[in-house]
Amino acid sequence: TKRLDGKIALITGGASVPGLGSATAQRLAEEGAKVCVTDIDLDGAEAVAKAIRDAGGTAMALKQDVAEEADWDSVLDRIAQEWGSLDILVNNAGIAVLRPIENLTSADWNKQLTVNLDSVFFGTRRAVEIMRKAGKGGSIVNLSSVAGLVGVPACSAYAAAKAGVRMFGKTIAIECARDNIRVNSIHPGMIDTNMQNVARSDNAEFFDQVVDSIPMGRMGDPVDIANAVLFLSCDEGRYVTGTELVVDGGMTAQ
Ligand code: NAD
């Protein structure tokens with residue numbers, strides 16, 4: 001038996017390859033979950049779902065803008081129609097606009113808060129409703145960041161959203177603990193994905209210095225985060241709720 005046999009999972013922002021959402025979808029599918037991969041990039045999400053199906057897993061792709069509440073309704077209705085319920089929600093979709101305060105516009109602020117934080121509220125509210133109705137518990141995993149724990153220059157709006165995700169999740173964890181719905185956040189350091197490729201293209205020399213300063217001396221692999229999501233989603237993590245799992249090669253230990 002696999003760790004997630006019979007489980008139904010929704011992973012947002014799963015189109016990016018290499019990305020944390022696609023790696024997570026793949027890993028959860030390997031462990032037997034049926035995975036729904038959503039993204040604003042439907043073609044990308046389709047490609048990820050197809051690769052999972054080709055490897056023998058069960059996956060479907062849907063278009064979803066996580067900042068749009070109506071998109072959550074259509075995605076969750078579709079999952080209910082196809083598969084019946086929802087056991088695991090991975091709030092992974094996110095954007096990072098790196099700008100010091102003097103260059104940070106209200107539009108930058110609003111965009112990062114809606115995509116990174118409002119989305120988690122919309123998704124969690126609906127997922128809790130569905131999980132409570134089914135009465136089988138569930139797991140909600142929110143992708144925060146080390147920037148939600150410690151200050152990182154040029155990340156103020158992103159950090160505000162990611163710290164919000166952390167405390168929002170803790171509160172919901174307490175509200176839902178008796179329903180056996182667990183809520184945790186993961187705080188990646190620097191993981192080698194398209195998001196970091198974009199950051200590196202802005203200033204490669206500075207970027208490489210930061211990577212060098214990580215105690216483990218390298219970026220993490222997307223599967224390192226996927227394994228953390230798996231732990232928090234499966235029965236081996238059954239007593240873990242309302243906490244944060246830092247996966248950063250020691251970055252925030254110094
Ligand atoms: P990525 O940029 O490679 O992929 C993000 C995906 O989210 C893309 O496919 C994009 O199309 C999608 N997306 C963007 N806006 C969306 C929206 N409104 N609705 C639906 N989908 C949307 O990023 P990643 O590195 O895979 O990061 C995934 C998550 O992990 C993000 O929340 C990010 O903030 C967080 N994180 C990443 C790192 C890292 O080092 N890679 C570190 C800390 C936190």
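Q: Before anything else, what counts as a helix or a strand in this structure?
A: Helices are DSSP runs of H or I with at least four residues, strands are runs of E with at least two, and both are numbered from the N terminus. Please also keep in mind that this is a predicted model.

Q: Okay, where does Ala70 sit then?
A: Ala70 belongs to helix α3, and the C-alpha atom of Ala70 is 9.3 Å from that of Phe122, although the two residues are 52 apart in sequence.

Q: Is Ala70 buried or exposed?
A: Ala70 counts as exposed because its C-beta atom has 10 C-beta neighbours inside 10 Å, and the cut-off for exposed is 12 or fewer.

Q: How do α3 and α4 pack?
A: Helix α3, residues 69–83, packs against helix α4, residues 106–134, at an angle of about 30 degrees, and their axes are 9 Å apart. The crossing of α3 past α4 is right-handed.

Q: Which residues make that contact?
A: On the α3 side they are Glu69, Trp72 and Leu76, while α4 contributes Phe122, Gly123, Arg126 and Ile130. Sorted by class, the contact of α3 with α4 holds four nonpolar residues, one polar residue and two charged ones.

Q: Switching to the ligand, which residues come nearest?
A: There are 30 residues around the ligand, and those that come nearest are Gly13, Ser16, Gly19, Gly94 and Thr193.

Q: What classes of residue make up the shell around the ligand?
A: The shell around the ligand has 14 nonpolar residues, 13 polar residues and three charged residues.

Q: What about the largest nonpolar core, which members touch the most others?
A: That core has 50 residues, and the members that touch the most others are Ala9, Leu10, Ala25, Leu28, Val35, Val37 and Val229. Helix α8, residues 222–233, supplies the largest share of this core, six residues. As a general point, nonpolar side chains in soluble globular proteins tend to be buried together.

Q: And what does Val35 contact?
A: Apart from neighbours within four places in sequence, Val35 is in contact with Ala9, Ile11, Ala25, Leu28, Ala29, Ile52 and Ala59. There is also a second, separate core of 10 residues, which includes Ala96, Val120, Cys155 and Ala157.

Q: You mentioned α8, so why does Ile225 count as buried?
A: Ile225, which is found in helix α8, counts as buried because it has 27 C-beta neighbours inside 10 Å, and the cut-off for buried is 20 or more. Leaving out residues up to four places away in sequence, Ile225 touches Leu20, Ala23, Thr24, Ile186, Pro188, Ile191, Gly220 and Val247.

Q: How about Ile172, what does that one touch?
A: Ile172 lies in helix α5 and, again not counting residues up to four places away in sequence, touches Thr124, Val128 and Val183. Ile172 is buried, since it has 23 C-beta neighbours inside 10 Å. Its C-alpha atom is separated by 28 Å from that of Gly249, which is 77 residues apart along the chain.

Q: Speaking of phi, what is the value for Ala154?
A: Ala154 has a phi near 70 degrees, a positive value in a residue other than glycine. Ala154 is in the loop between β5 (138–143) and α5 (156–176), and it is partly exposed, with 18 other C-beta atoms within 10 Å.

Q: And where is Asn180?
A: Asn180 sits in the loop between α5 and β6 (181–188), and it has a positive phi of about 60 degrees although it is not a glycine. With 15 other C-beta atoms within 10 Å, Asn180 is partly exposed.

Q: Last one, is Asp5 buried or exposed?
A: Asp5, in the segment before β1 (8–12), is exposed, with 9 other C-beta atoms within 10 Å. From C-alpha to C-alpha, Asp5 and Gly164 are 32 Å apart in space, and they are 159 residues apart in sequence.

How values were computed. Residues are numbered from 1 along each chain as its sequence is written. This is a predicted model: local features need pLDDT of at least 70, side-chain atom pairs count only at pLDDT 80 or more; totals for chains, interfaces and linings use all residues. Axes are lines fitted to C-alpha atoms, for helices over the stretch in contact, and angles run from 0 to 180 degrees between N-to-C directions. A crossing is left-handed if the near helix is turned anticlockwise from the far one by less than a right angle, and right-handed if clockwise. Two residues are in contact if their C-beta atoms, placed from the backbone, lie within 7 Å. Ala, Val, Leu, Ile, Met, Phe, Trp, Tyr, Cys and Pro count as nonpolar, Asp, Glu, Lys and Arg as charged, and the others, Gly among them, as polar. A residue is near a molecule or strand if its C-beta atom, placed from the backbone, lies within 6 Å of it. A nonpolar core is a set of buried Ala, Val, Leu, Ile, Met, Phe, Trp, Tyr and Cys residues joined through C-beta atoms within 7 Å.
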